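This report describes the fold of a single protein chain, from its overall dimensions to its sheet, helices, core and loops. The sequence and the structure are shown first.

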Amino acid sequence: MPKITVPEHGKFEVEKGKKLVLALEDNGINILHRCGGKAKCTTCRVEVENGDFGELTDIEKEAFSRKGLQEGFRLSCQVRVEGDATVLPIMTEDNSDLDAGPRPAE
Ligand code: FES
């Protein structure tokens, strides 16, 4: 099974094909996903330090450009785990005063 590493949190195995946002949440990281996985809020974004989640999708490009965000991020609600990776969640319940939001669909 692929392994996801989150700096200062640890490493965990993830079922191949699982949505990254759910893999993070199910392994104890209270990452925000305020729009429920609809690629609207960008609060689920992660910085990818290592690993390959494929080409940036059009829906991600659109979301990042709408929010004025620069490259280097992925929306964890839009990508699936296919191999080992190291990712850094940007917004969590721990580093914000926000509730995570509705759980994205599988
Ligand atoms: S963009 Fe809102 S949860 Fe991913």
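## Overall dimensions and fold

For a protein of 106 residues, a compact globule would have a radius of gyration near 13 Å, and the value of 12 Å found here agrees with that expectation. The model is predicted. Its C-alpha trace spans about 35 × 30 × 25 Å along the principal axes. Of the 106 residues, 36% count as buried. Among the contacts with a separation of 6 or more, 70% are made by residues 24 or more positions apart.

The secondary structure consists of two helices and five strands. Along the sequence these elements follow the pattern β-β-α-β-α-β-β.

## The sheet

The five strands form an open sheet of mixed pairing, in the order β2-β1-β5-β3-β4. Strands β2 (10-13) and β4 (73-75) stand at the edges; each has a single partner strand, so one side of each is left without a neighbour in the sheet. From one strand to the next, the twist averages 35°.

| Strand pair | Bridges | Direction |
|---|---|---|
| β1 and β2 | Four bridges | Antiparallel |
| β1 and β5 | Two bridges | Parallel |
| β3 and β5 | Four bridges | Antiparallel |

On the side of β5, T5 stands opposite T86. Strand β3 covers residues 45-50 and strand β5 residues 85-89, and V46 stands opposite P89 in β5.

In a regular strand the side chains alternate between the two faces of the sheet. Strand β1 (residues 3-6) has I4 and V6 on its covered face, whereas K3 and T5 belong to the uncovered one. The hairpin of β1 and β2 has three residues between the strands, and E8 in this hairpin takes a positive phi near 65°.

## Helix α2

How are the buried residues of α2 arranged around its axis? Helix α2 (residues 58-67) has E60, A63 and F64 as its buried residues. Seen down the axis of α2, these fall within an arc of 95°, so they line one face of the helix. The face turned away from this buried side carries the exposed residues D58, K61, E62, S65 and R66. Strand β4 is included in what covers the buried residues of α2. After the helix comes G68, with a positive phi near 70°.

## The nonpolar core

Which residues have the most contacts inside the largest nonpolar core? That core has 25 residues, and those with the most contacts inside it are I4, L20, V21, A23 and I31. The elements that give two or more residues to this core are β1, α1 (20-25), α2, β4 and β5. Helix α1 gives the most, with five residues.

Leaving aside neighbours within four places in sequence, V21 is in contact with I31, H33, G37, C44, S76, C77 and P104.

Most residues other than glycine have a negative phi, and most peptide bonds are trans. A39 is found in the loop between α1 and β3, and its phi is positive, near 60°, in a residue other than glycine. T42 lies in the loop between α1 and β3 as well; although it is not a glycine, T42 has a positive phi of about 65°.

Are these residues buried or partly exposed? The cut-off for a buried residue is 20 or more other C-beta atoms within 10 Å. A39 has 19 other C-beta atoms within 10 Å and is therefore partly exposed. T42 has 21 other C-beta atoms within 10 Å and is therefore buried.

Methods
Residues are numbered from 1 along each chain as its sequence is written. This is a predicted model: local features need pLDDT of at least 70, side-chain atom pairs count only at pLDDT 80 or more; totals for chains, interfaces and linings use all residues. The radius of gyration is taken over C-alpha atoms; the globule rule is 2.2 Å times the number of residues to the power 0.38. A residue is buried if 20 or more other C-beta atoms lie within 10 Å of its own, exposed if 12 or fewer, and partly exposed in between; C-beta atoms are placed from the backbone. Two residues are in contact if their C-beta atoms, placed from the backbone, lie within 7 Å. Two strands pair if DSSP finds at least two bridges between them. Axes are lines fitted to C-alpha atoms, for helices over the stretch in contact, and angles run from 0 to 180 degrees between N-to-C directions. The arc is that of the directions from the helix axis to the C-beta atoms. A nonpolar core is a set of buried Ala, Val, Leu, Ile, Met, Phe, Trp, Tyr and Cys residues joined through C-beta atoms within 7 Å.
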